[in-house]
Amino acid sequence: LDSPPLFCDNPEYDYKYNEQFEYKNISCSYWDLAEVVKKGETQMFFTTMAQDSVVARYLKPSDAECSVAGFEGMGLGRYCPSEAPSKVIKEQYGYCTCTSTSSIFPVGAENTTLTISHEFSSSKRS
């Protein structure tokens, strides 16, 4: 491809199901076909979108608030980057917690073909 597909990093494809499930700033990634298609015993699954979540935490100091700067100061800045499109920083059980979530469209999943072969045999009984 000379340029990324139209749906990559396109706000028109953002989707909010509810407060807990919001998908935005969806980037694209080129996956191997084996990562896109999963074959089970009685089913097949085609991955059309994935989410990656990273959680970082450190013991909250009594004299500071939880912030991106706090994560950077603890050497955890790469797990809670200020430019992350979807991150939540909060205090939880005496710890500063940063959850950074990214959404990904696997490019080419929409072009995957499923072919079903069906056959049977029988014999004539007398």
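Tyr23 is buried in this predicted model. Its relative accessible area is 18%, under the 20% cut-off, so Tyr23 falls in the buried class. Tyr23 also pairs with Tyr15. The two rings are stacked, with 6.4 Å from centre to centre and 10 degrees between the planes. Tyr15 counts as partly exposed, at 47% relative accessibility.

The structure holds 6 aromatic pairs. Another of them joins Tyr13 and Phe105. Here the ring centres are 6.4 Å apart and the planes stand at 85 degrees, so the pair is edge-to-face. Tyr13 lies in the segment before strand 1 (15-16), whereas Phe105 belongs to strand 8. The pair therefore ties together parts that are 92 residues apart in sequence. Phe105 counts as buried, at 13% relative accessibility. Tyr13 counts as partly exposed, at 36%.

In soluble globular proteins, nonpolar side chains tend to be buried together. The largest nonpolar core in this model has 9 residues: Ala56, Tyr58, Cys66, Val68, Phe71, Leu76, Cys80, Cys96 and Cys98. At least two residues of this core come from each of strand 6 (50-59), helix 2 (68-73) and strand 8 (95-107). A second, separate core has 6 residues, including Phe7, Tyr23, Ile26 and Phe105.

Val68 is a member of the largest core. Beyond its neighbours within four places in sequence, Val68 is in contact with Cys80, Ser82, Lys87 and Ile89. Among these, Cys80 is also part of the largest core.

Conventions. Residues are numbered from 1 along each chain as its sequence is written. This is a predicted model: local features need pLDDT of at least 70, side-chain atom pairs count only at pLDDT 80 or more; totals for chains, interfaces and linings use all residues. Side-chain values use heavy atoms; hydrogens and water are left out. A nonpolar core is a set of buried Ala, Val, Leu, Ile, Met, Phe, Trp, Tyr and Cys residues joined through side-chain atoms within 4.5 Å. Buried means under 20% relative accessible area, exposed over 50%, partly exposed in between (1.4 Å probe, protein chains only). Helices (H or I, at least four residues) and strands (E, at least two) are DSSP runs, numbered from the N terminus. Contact means heavy atoms within 4.5 Å. Rings of Phe, Tyr and Trp (its six-membered ring) pair if their centres lie within 6.5 Å; planes under 30 degrees apart count as stacked, over 60 as edge-to-face and the rest as tilted.
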